[in-house]
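Visitor: Please show me the model, and then I will ask about its parts.

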Amino acid sequence: MINWKRAFWLVVLLLLSAAAYVLVQVRALEVEQLTDDLYVLRGLGGNVAVLRTAAGAVVVDSMMLPWQGRRVREAARALTGMDTVLLINTHHHWDHTHGNPGFAPGTRVLSSARTRHYLQALDADFWAGEAARLLPNATLSGRQVVRIGEQTITLLHPGAGHTDGDLVVLFDDQRAIHMGDLLFNGHYPNIDLEAGGTVQRWPATLRRVLRLDFDTAIPGHGATTDRAGIVEFASFLEQLGELARHAARDHTSLRQFLRTQRLTLDENLEDVRMIIPVGLNRKFVLRRAWEETTGNFTRAAALDGAAEGE
Ligand SMILES: [Zn+2]
């Protein structure tokens with residue numbers, strides 16, 4: 001016979017342990033020092049870069065919750081001895097931007113014009129009220145060089161890939177770049193077709209990034225890598241894109257395409273996990289690549305209009 005009382009307490013205990021585990025994972029903030037002045041913070045959400053300059057800290061991306069943003073800001077202050085004078089958002093996805101409200105109102109926040117448009121068009125509920133004070137308040141398209149303290153930072157929208165509004169942030173003096181989600185190192189990427197993402201154009205976008213002068217690459221997700229890591233990721237996307245073009249030409253069904261054995265350059269890629277798997281896996285990238293070349297996806301009407309030059 002089932003002892004209901006015991007079963008009840010067992011369930012309570014299991015739920016409490018699960019909650020404690022999630023809390024520990026969300027709170028975790030790992031620091032990697034790349035140079036004297038440059039750090040990577042890793043936690044739940046996209047990778048964050050922190051640069052020390054004589055005029056204050058520069059932070060790239062803010063993770064996924066406002067209080068994670070507060071922790072990022074505190075960590076940036078602890079690492080650099082200064083408050084954040086510039087926050088940059090590589091793109092609009094919530095795991096890179098929802099920490100923004102953890103920064104001081106009045107902070108200079110930079111993104112591409114496209115990214116700011118997406119934040120307001122797609123995520124209006126979150127950015128209502130107080131949070132709106134930490135929306136990007138300066139935008140750029142193309143390329144912009146920013147000098148802060150003694151440091152030079154080059155911001156570049158190299159073209160479409162993960163979305164059509166992504167920025168990369170080159171820390172010129174550190175010979176390092178934050179790639180945002182244009183690089184998922186060692187992991188299957190998100191391809192946001194609805195927000196202008198494209199497998200077909202992504203490799204050319206990465207080639208434009210490779211023309212810049214740097215050695216170290218910080219991906220949006222995954223471990224820090226180098227130029228070879230970007231080249232490897234571009235080769236995977238080339239192969240995926242080519243297979244999807246053939247599938248469209250040959251009228252291959254999605255079901256058939258998902259079974260292809262010809263995608264081989266993903267052998268070192270893992271599924272993305274944020275405590276649990278979030279659906280970024282082999283099947284996902286094959287489906288998105290097929291949807292792009294066969295036109296089986298819909299761009300939301302709200303996204304038209306603010307096209308950005310490349
Ligand atoms: Zn993203």
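Visitor: Which residue in β3 is the bridge partner of Leu38?

Guide: This is a predicted model, in which local features need pLDDT of at least 70 and side-chain atom pairs count only at pLDDT 80 or more, while totals for chains, interfaces and linings use all residues. Residues are numbered from 1 along each chain as its sequence is written. Strands β2 (residues 38-42) and β3 (residues 48-53) run antiparallel and are joined by four bridges; strands are DSSP runs of E with at least two residues, helices are runs of H or I with at least four, and both are numbered from the N terminus. In β3, the partner of Leu38 is Leu51.

Visitor: Which strands stand at the edges of the sheet?

Guide: Seven strands form an open sheet of mixed pairing, in the order β1-β2-β3-β4-β5-β6-β7; two strands pair if DSSP finds at least two bridges between them. Each edge strand has a single partner strand, so one side of it is left without a neighbour in the sheet. The edge strands are β1 (30-33) and β7 (138-140).

Visitor: At what angle does helix α2 run to β3?

Guide: Helix α2 (residues 66-80) lies across β1, β2, β3, β4 (56-60) and β5 (84-88). Axes are lines fitted to C-alpha atoms, for helices over the stretch in contact, and angles run from 0 to 180 degrees between N-to-C directions. The angle of α2 to β3 is about 35 degrees.

Visitor: How are α5 and α6 oriented to each other, and why?

Guide: The axes of α5 (residues 202-210) and α6 (residues 227-249) come within 9 Å and cross at roughly 160 degrees. Angles under 35 degrees count as roughly parallel, over 145 as roughly antiparallel, 65 to 115 as roughly perpendicular and the rest as oblique. The two helices, α5 and α6, are therefore roughly antiparallel.

Visitor: Is Val169 buried or exposed?

Guide: Val169 is found in strand β10 (residues 168-171). Residues in contact with it, leaving out those up to four places away in sequence, include Ala49, Val60, Ile88 and Ile153; contact requires C-beta atoms, placed from the backbone, within 7 Å. A residue is buried if 20 or more other C-beta atoms lie within 10 Å of its own, exposed if 12 or fewer, and partly exposed in between. Val169 has 23 C-beta neighbours inside 10 Å, so Val169 counts as buried.

How values were computed. Two residues are in contact if their C-beta atoms, placed from the backbone, lie within 7 Å.
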